[in-house]
Amino acid sequence: MFLHEGLDLRLPPRIAAVVHQRPVDSDDEDHGEIPQPSPTLVDDLTDAARSPSI
């Protein structure tokens with residue numbers, strides 16, 4: 001049994017948008033699509049976190 005079982009993780013929309021823009025290498029049987037990292041990922045997430053809310 002996993003400690004996180006049953007939790008519904010929700011990212012802030014700006015952060016989720018950055019993650020969903022990442023290329024997907026394959027569709028994992030257990031976890032679904034897994035976004036791939038990029039050299040700009042940290043900067044992109046930082047920019048999204050600092051952007052004012054709409």
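Is R22 buried or exposed? In this predicted model, R22 is buried, with a relative accessible area of 11%. That value falls under the 20% cut-off, so the residue counts as buried.

The fold contains two helices and two strands. Read from the N terminus, the order of elements is α-β-β-α. Helix 1 covers 13-20, and strand 1 covers 24-28. R22 sits in the loop between these two elements. Helix 2 spans residues 41-50 and includes D44.

One salt bridge is present in the structure. R22 and D44 form this bridge, and their closest N and O atoms lie 2.5 Å apart. The two residues are 22 residues apart, and the pair links distant parts of the chain. One end is in a loop, the other in helix 2. R22 is buried at 11%, whereas D44 has 25% relative accessibility and counts as partly exposed. The value for D44 lies between the cut-offs of 20% and 50%, which means that D44 is neither buried nor exposed.

Contacts and surface were then computed for the protein as a whole. Among contacts with a separation of 6 or more, 34% come from residues 24 or more positions apart. The accessible surface of the protein comes to about 5100 Å². Carbon and sulfur atoms account for 57% of that surface.

Definitions and conventions
Residues numbered from 1 in each chain as written. Predicted model: local features only at pLDDT ≥ 70, side-chain atom pairs only at ≥ 80, totals over all residues. Heavy atoms only, no water. Salt bridge = Lys/Arg side-chain N within 4 Å of Asp/Glu carboxyl O. Helix = DSSP H or I, 4+ residues; strand = E, 2+ residues; numbered from the N terminus. Buried < 20%, exposed > 50% of the residue type's maximum accessible area, 1.4 Å probe, protein only. Contact = heavy atoms within 4.5 Å. Areas by Shrake-Rupley, 256 points an atom, 1.4 Å probe, with all protein chains shown as cover.
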